[in-house]
Amino acid sequence: MRQCVALASGGFQPTERRCLTMSPKSGSRFSDEITVNDDALEGFTATVRACRICVESPIGRPLPHEPRPVLRPSSSARILIASQAPGTKVHLSGMPFTDASGDRLRSWLGVTSEEFYDIEKFAIVPMGFCFPGQDAKGGDLPPRRECAPAWRAPLMALMPRIDLVLTIGIYAQSWHVGAARRASLTETVMDWRAIWDAPGSQKVLPLPHPSWRNSGWLKKNPWFEMDLLPFLRSEIRYRLD
C-alpha cells in the first residue's frame with residue numbers, strides 16, 4: 001500500500017507530496033529511508049524537541065523566549081489532534097492542553113483525561129511546537145512559520161496508523177484540508193460533511209479552537225454542538241473501544 005503525505009516549502013500550505021511504501025514483508029518506509037517504528041519516531045521526536053530554528057534561523061522576528069517544543073506523536077494512535085500552538089500554560093507545563101481549552105476539547109471529544117493523554121490512543125502534533133508569544137491585546141500570536149515546513153511531513157510519515165485527523169483552527173485546516181478549506185473557519189467547519197466524505201486514507205474533521213475566546217462563536221453556531229459533536233464523539237469512541 002502506498003500512503004502519501006504533504007511536504008511544504010513554506011507557510012502552511014502543502015506544495016509537494018512524498019509517499020510511504022507499506023507492505024507486510026518490507027515494513028513501512030519514508031522516501032528518506034526513515035523506518036516507521038517506535039525507535040525511529042522516538043529519535044526524530046528528540047530532534048524536534050531540540051529544535052531552535054525559530055531563534056537561530058527565523059522567518060521574520062525570532063522567537064522572543066527560549067524554545068520549548070511541545071508535541072506527543074505516536075506510531076500506534078489512530079487519532080491525531082492537529083492543533084494550533086501551545087499557550088502560556090502549556091509552555092510552562094510542557095504538556096499539551098493542560099488548560100481550560102483542553103477541558104473543553106476533552107468535553108467535545110467525550111473522553112477522560114486518562115484516555116486523552118494515552119499515547120496509544122491520541123497523537124497531539126500542533127502546527128507550531130513552541131509558544132509563539134502574544135500580541136499587544138494579550139492574544140496568542142499565530143504558530144511560527146518555521147515549524148510545519150521543517151517537521152510536519154516526516155512526522156506524519158512516522159505515524160502510519162492515523163486515520164482520523166482533527167484539525168483545530170485555520171492553520172491546521174490549511175495544511176490538512178487543503179483546497180477543500182473554505183474562505184473562513186466558520187464556512188470550513190460548516191462544510192464538515194463534505195470534508196469528511198472527501199477521498200483519502202485519512203478522515204478529516206475541521207473544528208474551531210476550544211478557547212474560551214470562542215464561546216461567542218459557539219453561541220452563534222448551535223449546529224456545531226447539535227450536529228457535529230455527536231458525530232465526532234461516535235467516531236472517537238469507535239476508534240477507542
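This note goes through the predicted model point by point, from the whole chain to single residues.

1. Basis. The model is predicted, with local features needing pLDDT of at least 70 and side-chain atom pairs counting only at pLDDT 80 or more, while totals for chains, interfaces and linings use all residues. Residues are numbered from 1 along each chain as its sequence is written, and side-chain values use heavy atoms, with hydrogens and water left out.

2. Overall make-up. The protein chain has 11 helices and seven strands; helices (H or I, at least four residues) and strands (E, at least two) are DSSP runs, numbered from the N terminus. Of the 241 residues in the protein chain, 51% are buried. Buried means under 20% relative accessible area, exposed means over 50%, and partly exposed lies in between (1.4 Å probe, protein chains only).

3. Surface and contacts. The protein chain exposes about 11,600 Å², and carbon and sulfur atoms supply 52% of that area. Accessible areas come from the Shrake-Rupley method with a 1.4 Å probe, and for residues only the protein chains shown count as cover. Among contacts between residues at least 6 apart in sequence, 67% join residues at least 24 apart, contact meaning heavy atoms within 4.5 Å.

4. Salt bridges in total. How many salt bridges does a search of the whole structure find? The search finds 11, a salt bridge being a side-chain nitrogen of Lys or Arg within 4 Å of a carboxyl oxygen of Asp or Glu. Side chains of opposite charge can pair when their charged atoms come close.

5. R52 and E66. The side chains of R52 and E66 form a salt bridge, at 2.5 Å from N to O. This pair links distant parts of the chain, 14 residues apart: R52 is in the loop between α1 (38-49) and α2 (53-56), and E66 is in the loop between α2 and β4 (79-82). R52 counts as partly exposed because its relative accessibility is 27%. E66, in turn, is exposed, with a relative accessible area of 52%.

6. R144 and E146. A salt bridge joins E146 to R144, with the closest N and O atoms 2.8 Å apart. E146 counts as buried because its relative accessible area is 6%. R144 also counts as buried, at 11% relative accessibility.

7. D163 and R239. In the salt bridge between D163 and R239, the closest N and O atoms are 2.9 Å apart. The two residues are 76 residues apart and link distant parts of the chain, D163 being in the loop between α6 (147-157) and β6 (164-168) and R239 in helix α11 (residues 223-240). Are D163 and R239 buried or exposed? Both are buried. They also belong to a network of salt bridges that links R78, D163, E235 and R239.

8. Negative patch. D38, D39, E42 and E120 gather in a patch of negative charge on the surface. Patches are made of residues with over 30% relative accessible area and no salt bridge, with like charges joined within 9 Å and nonpolar side chains (Val, Leu, Ile, Met, Phe, Trp, Tyr) within 5 Å. Lys and Arg count as positive and Asp and Glu as negative, whereas His and the chain ends are not counted. The place of a charge is taken as NZ of Lys, CZ of Arg, CG of Asp or CD of Glu.

9. I119. The loop between α5 and β5 also holds I119, which counts as partly exposed at 31% relative accessibility. Which residues does I119 contact, leaving aside its neighbours within four places in sequence? They are R72, P73, S74, S76 and A77. The C-alpha atoms of I119 and A77 are separated by 6.7 Å, with the two residues 42 apart along the chain.

10. V55 lies in helix α2 and is partly exposed, at 27% relative accessibility. Its contacts, apart from neighbours within four places in sequence, are P62, L63, H65 and P67. The C-alpha atoms of V55 and P67 are separated by 7.7 Å, across 12 residues of chain. A50 lies in the loop between α1 and α2 and is exposed, with a relative accessible area of 54%. Between the C-alpha atoms of A50 and P67, 17 residues apart along the chain, the separation is 8.5 Å.

11. Backbone at F97. F97 has a positive phi of about 60 degrees, although it is not a glycine. Most residues other than glycine have a negative phi. F97 is found in the loop between α3 (88-93) and α4 (100-109) and counts as buried, at 8% relative accessibility.
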